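Subject: Structure handover

Hello,

Here is the structure you are taking over. Please open it first, then read the notes below it.

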Amino acid sequence: MNQVTELPELRVRRCGLIELPRIVDQRDGVLCIAEGARNIPFEIRRVYYITHLENAESVRGKHAHRTLSQVIFCLSGSFVLELDDGEQRQELWMWRENLGVLLGPGLWHTMRDFSNGCTLLVLASDYYDEADYIRDYDQFLAWVKA
Ligand code: TYD
């Protein structure tokens, strides 16, 4: 598994790494900055976050989107992000609060192995639309190969 420390080479298509500026204020914490259509490659229409991850067995994601782009961050703790473009699979260990992973359309993604109290932040290019989801893996494979 690649630890996201030295910007690993991504073997999976339709994804990317986004390193946010990170300002360390010594004893006053760390400030990271994301700007729509600047270092985030789309206008941000929706922000959601996932908290209270207290169960080591939790698994989230397990879907792809037809048109939505998102950037996912691990703000605290750590988790494993699995990416699958229908041909290649790759796991990234997410723990750096300023390193986002761009999840483009047509990318199956799964989040698991959450540390206790892990917090995820997602920036999305559009509003929630269940019709944009592909939740069946075989349907996903058929969709990316079509
Ligand atoms: P889902 O996107 O499947 O969560 P995850 O990928 O983190 O496992 O969404 C879980 C549920 O929440 C699903 O019923 C749809 C709903 N939901 C919304 O209503 N609005 C949203 O913006 C999101 C992300 C999910």
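C118 is buried, with a relative accessible area of 0% (buried means under 20%, exposed over 50% and partly exposed in between, with a 1.4 Å probe and protein chains only). The closest cysteine sulfur to that of C118 belongs to C74, at 3.9 Å, which is too far for a bond. A disulfide here is a pair of cysteine sulfur atoms within 2.5 Å. The structure holds zero of them. C32 is in none either: its nearest cysteine sulfur, again that of C74, is 12 Å away. C32 counts as partly exposed, at 27% relative accessibility.

A word on the source: this is a predicted model, in which local features need pLDDT of at least 70, side-chain atom pairs count only at pLDDT 80 or more, and totals for chains, interfaces and linings use all residues. Residues are numbered from 1 along each chain as its sequence is written, and side-chain values use heavy atoms, with hydrogens and water left out.

Next, strand 10 (residues 99-103). Strands are DSSP runs of E with at least two residues, numbered from the N terminus. Five of the five residues in strand 10 are buried, so the rest of the structure largely encloses it. L99, V101 and L103 point one way, while G100 and L102 point the other. Two strands pair if DSSP finds at least two bridges between them. Strand 2 (residues 15-19) pairs with strand 10 in the antiparallel sense, over five bridges. There, G16 has L102 as its bridge partner. Strand 7 (residues 70-76) also runs antiparallel to strand 10, joined by three bridges. I72 is bridged to V101.

Now the ligand. The residues around it, each with a heavy atom within 4 Å, are R46, Y48, I50, R60, G61, H63, Y128, Y133 and R135. A polar side-chain atom of Y133 lies 2.6 Å from a ligand oxygen. An N or O atom in the R60 side chain is 2.8 Å from an oxygen atom of the ligand. For G61, a polar backbone atom is 2.8 Å from a ligand oxygen. The protein covers 63% of the 530 Å² of accessible area that the ligand has on its own (Shrake-Rupley method, 1.4 Å probe). Strand 5 (46-53) and strand 6 are the elements that give two or more residues to the shell.

Last, H63. This residue sits in strand 6 (residues 59-65). H63 is buried, at 8% relative accessible area. Leaving aside neighbours within four places in sequence, H63 is in contact (heavy atoms within 4.5 Å) with L107, W108, H109, Y133, I134 and R135.

Best wishes

Definitions and conventions
Helices (H or I, at least four residues) and strands (E, at least two) are DSSP runs, numbered from the N terminus. A polar contact is a pair of N or O atoms within 3.5 Å; within protein, one must be able to donate a hydrogen and the other to accept it, and residues adjacent in sequence count only if both atoms are side-chain atoms.
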